[in-house]
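I am opening a notebook on this structure, to be read beside the sequence and the model. My entries follow the order in which I looked things up.

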Amino acid sequence: MSKRCVVFGLVATMVAGMFLTSSLVAAKAITIAVSVPRLSNPFFGRAVKVVQEAAKQQGVEVIVLDAGDDSAKQLADIETMIIRKVDGVILAPNDQEALVPGVEKLAKAKIPVVTVDRQVARGDYLAHVGGNNVAGAKIAASFIADKLNGQGTVVELLGQPGSSPALQRAKGFEEVMSKYPGIKLIVQPANFRRSDAVTVLENILQANPNIDAIFTHNEEMGLGAIQVLKSRGFKPGQVIVVAFDTHKETLQAIEDGWLQGNIEQFPDQQFRTGLKILLNYIKAGVKPPQRDNYLTPLLITKENITQSEKYGE
Amino acid sequence: MRDGGEGGVNGAKGEPVAAASASGIRLRGSNTWINGLRRNSVYLVFILLVIISAQVSPAFLTWTNIANLLRQASYIGLVSVGMTFVIISGGIDLSVGSTVAVSGVLLAYLFHWGGYKGYVVTLSPAMPTPLIVLSTLAAGALVGLLNGVLIAKARIPAFVATLATMVSVRGVAYMLAGGRTIFGLGESLSVLGFGNIGPLPVPVVIWLGCVLVSGFILKRTVFGRWVYAVGGDEDSARLSGINCDRHKVLMYVVAGVFAALAGMLMACRIDQGEPRQGELFELDAIAAVVIGGTSLSGGRGGVGGTAIGVLILTLITNVLNLVGVHPFPQQIVKGIIILGGVFLQRWLASRN
């Protein structure tokens, strides 16, 4: 008998759980979905929180979707949201090509979509808000080249293959670096992940013990690189490290002298702006003055650290 | 408890099996409903979940949602068909996710023969499209053959051998793609990614077709009996004259081909070869097989139960998204439902 109770208890819990979660989202005027490539990436984890908080203030319900770095999963999530008839979508596409059909499907269903941070190659989206990745990477490249006086070995750790920030950051960085024949460039993908960066950099150091600078496509890989430098007995500043995107840990690394520069793209502002554009359109049918909006990136160093979005948090 | 034949009958294809087992129950007399449930408990769990889902989300039972759900299930579904063959025959295959990746990338690579130059969409196919498709499937078979030979001939445990190929094959996928994605497969295959046959998406038709054919092979052919025999008791199978080694190798080849088929269809869906595709597919496939009632120690189970297992896993994600549950608690719920399903099955099985 007791076994039977356990089983019925389990089933009842399952049923109750699903009813409970459904009742939480009932009876709200506007519901939007926010879909990001990987929620366990702190950059997107924070972005989602920013959207949730800003939306809450306006009484807007947010459905959070995690693609788990899988374009097919993100497409499937979008399909589900079309059936769910959400009022709008904030999308950070996992891949700039693979998500084009998703954006087109949303357009067909007359659901407005704003892409933030990452972009799709084409398609009928309402707006894009993002950093200027090419410009940011150029700033990083010039900074490194100046510090090295145009001579040395530079490692570039790439973000996730096929994602727009990785492509644009590589483009900007390598464009500037190609002007310096004295700089030897070692390029490897580390997928925006700290653990991947550790492995990749350790392997690179096996073959090239004397590297002079490291540029990483995001802050997670930058922190992974610093971790390796520390464990290999390097001194702070011995190898110049420049990363994209700031957060609490990177600001600390700048103050400690491990990170020389950090490209600030103001992601909080990006996502808030994206939400504002989306809600303006849903509530009042107002389209933004321009479709593609790029915020100017800023190089954060020890000197101007207070200008970072996350300073003092 | 150990009855390979009965376990084999469990959950393959709906009606003839149900009819056969129903007559068996009547002979045994009392407690008939519980015996019926025991045989089909995975279907019961599935129906229960469908009813709950329809309750919590009015959008769930719309045809568009069902078609989407089936398509989302079809890729993992195809991988799981192959996984069922391997697990029934007493093995395990961890390399299927990597095979999904390498086949998708190879497909795109063969369409951009002579080097992929950035984001140019112009194709330079290495050979006619049907041959490209066949080569991709052959690559999956090759991975399977390697697994099979390592396991059956070199006597390396299946877990270790396929773990090794999982890692290496993923590396091949990255190398072929040059560390990026290969975009653009051209028009000829877009029907596989976006087309419909009647009301059903193409990959769903392919998946269901494979489930039916595999179910028939497992239940109604001598070959199928042998699969169960090898997984159930290898020594007896060998003594009764079955070439167990050759059989095992063949099972891994089958798994490789199914994984390659899934990888190809996924690549068509996202119109590119992506070396990271199919990560953790092996775990989803194993979960589906287990939920579907196939024994991890081999010799029992069927593809029908596995298909329902895949549908259960996909349904959970689908309905939790429809309802708007945050992705992190979703994973917890998913784990609990997997456990709940298996407990329910075990409990029903112990009631005879």
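Entry 1, the interface. I began with the contact between the chains, which takes 46 residues from chain B and 46 residues from chain A, contact meaning heavy atoms within 4.5 Å. I noted that the model is a predicted one, in which local features need pLDDT of at least 70 and side-chain atom pairs count only at pLDDT 80 or more, while totals for chains, interfaces and linings use all residues. Residues are numbered from 1 along each chain as its sequence is written, chains are lettered from A and ligands numbered from 1 in the order in which they are written, and side-chain values use heavy atoms, with hydrogens and water left out.

I then looked up the area buried between chain B and chain A, which is about 3,900 Å², with carbon and sulfur atoms giving 66% of that area; buried area is the accessible area (1.4 Å probe) that two parts lose on being put together, summed over both.

I searched for salt bridges (a side-chain nitrogen of Lys or Arg within 4 Å of a carboxyl oxygen of Asp or Glu), and the count between chain B and chain A is four. For Arg276(B) and Asp69(A), I found a salt bridge whose closest N and O atoms are 2.6 Å apart. Over all chains, the whole structure has 18 salt bridges. Another is formed by the side chains of Arg269(B) and Glu79(A), at 2.3 Å from N to O. This pair joins two chains, because Arg269(B) lies in helix 13 of chain B and Glu79(A) in helix 3 (residues 71-84) of chain A. For the numbering I kept in mind that helices (H or I, at least four residues) and strands (E, at least two) are DSSP runs, numbered from the N terminus.

I followed helix 13 (residues 244-270) of chain B to helix 10 (residues 202-220) of chain B, and their axes come within 11 Å and cross at roughly 170°. Axes are lines fitted to C-alpha atoms, for helices over the stretch in contact, and angles run from 0 to 180 degrees between N-to-C directions. The crossing makes helix 10 of chain B roughly antiparallel to helix 13 of chain B, a term for angles over 145 degrees. Among the residues making this contact are Pro203(B) and Ile206(B) of helix 10 and Phe258(B) and Leu261(B) of helix 13.

I traced an open sheet of six strands in the order 2-1-3-4-5-11, with parallel pairing, where two strands pair if DSSP finds at least two bridges between them. Its edge strands are strand 2 (60-66) and strand 11 (292-295) of chain A. Seven bridges join strand 1 (residues 30-36) to strand 2, and Ser35(A) has Leu65(A) as its bridge partner.

I also traced an open sheet of six strands in the order 7-6-8-9-10-12, with mixed pairing. Strand 7 (183-189) and strand 12 (298-300) of chain A are its edge strands. Within this sheet, four bridges join strand 6 (residues 152-158) to strand 8 (residues 213-216), which run parallel.

Notes. Angles under 35 degrees count as roughly parallel, over 145 as roughly antiparallel, 65 to 115 as roughly perpendicular and the rest as oblique.
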